[in-house]
Amino acid sequence: MPDIVGGLVGIGFLILWIYCIYDVITTDDAIVRHLPKLVWLLIVVVIPDIGSILWLGLGRPQIWTRQAHNPGRYGSSRLRAAPSSPALDDGSLDHLSPIVRHREEQTRLHMWEAQLKRREEELRRREFGEGSAP
């Protein structure tokens, strides 16, 4: 009887190891935590049992979306027809994945700050240029 239990535990760890290798490979680089994706793959392959548990606890992303560029890939919407894409000129970021949306928001913020700084400098030049003229 103990041999059967040991065999089942061994098969369970083998299934866990194969799943973790697949999970590391299919997870997008941008959302892997703590270490680069290649390092996680090496840890899981070289140290199968402990590496698999470490991947699940420390390296695997905490968000449900596993790919930054395609959030609907693993959802139930896979069988439905693709919805019409939203208009790109409306300025909405709701259709983007969380990571891409965050990066886009940061880019827009930096652009707005640069525009504001340029306008403030232009106003200062106008004030000092017109105020100092006789």
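How many helices and strands does the secondary structure of the protein chain come to? I looked this up to get my bearings, keeping in mind that the model is predicted. The tally is four helices and zero strands. Read from the N terminus, the elements run α-α-α-α.

**Entry: the chain as a whole**

I checked burial next. The protein chain has 134 residues, and buried residues make up 17% of them. Then I turned to contacts with a separation of 6 or more: residues 24 or more positions apart account for 59% of these.

**Entry: α1 against α3**

Two packed helices are described by the angle between their axes and the distance between the axes. I looked up both values for α1 (residues 2-26) and α3 (residues 48-59): the angle is about 50 degrees, and the axes are 9 Å apart.

Which residues meet here? From α1 I listed F13, L16, W17, Y19, C20, D23 and V24. Their partners in α3 are P48, D49, S52, I53, W55 and L56. Sorted by class, the residues of this contact of α1 with α3 come to ten nonpolar, one polar and two charged.

**Entry: α2 against α3**

On to the next pair. Helix α2 covers residues 37-46. I found α2 and α3 packed at an angle of about 145 degrees, with 6 Å between their axes. On the α2 side I wrote down W40, I43, V44, V45 and V46. In α3 they meet P48, G51, S52, L54, W55, L58 and G59. The contact of α2 with α3 has nine nonpolar residues, three polar ones and no charged ones.

**Entry: the tryptophans**

I then asked how many aromatic pairs there are. The count comes to one aromatic pair. W40 and W55 form it, edge-to-face, at 5.7 Å centre to centre and with 65 degrees between the planes. The pair links distant parts of the chain, with W40 in α2 and W55 in α3, 15 residues apart.

Key: Residues numbered from 1 in each chain as written. Predicted model: local features only at pLDDT ≥ 70, side-chain atom pairs only at ≥ 80, totals over all residues. Heavy atoms only, no water. Axes fitted to C-alpha atoms, helices over the stretch in contact; angles between N-to-C directions. Helix = DSSP H or I, 4+ residues; strand = E, 2+ residues; numbered from the N terminus. Contact = heavy atoms within 4.5 Å. Nonpolar A, V, L, I, M, F, W, Y, C, P; charged D, E, K, R; others polar. Phe/Tyr/Trp six-rings, centres within 6.5 Å; stacked < 30°, edge-to-face > 60°. Buried < 20%, exposed > 50% of the residue type's maximum accessible area, 1.4 Å probe, protein only.
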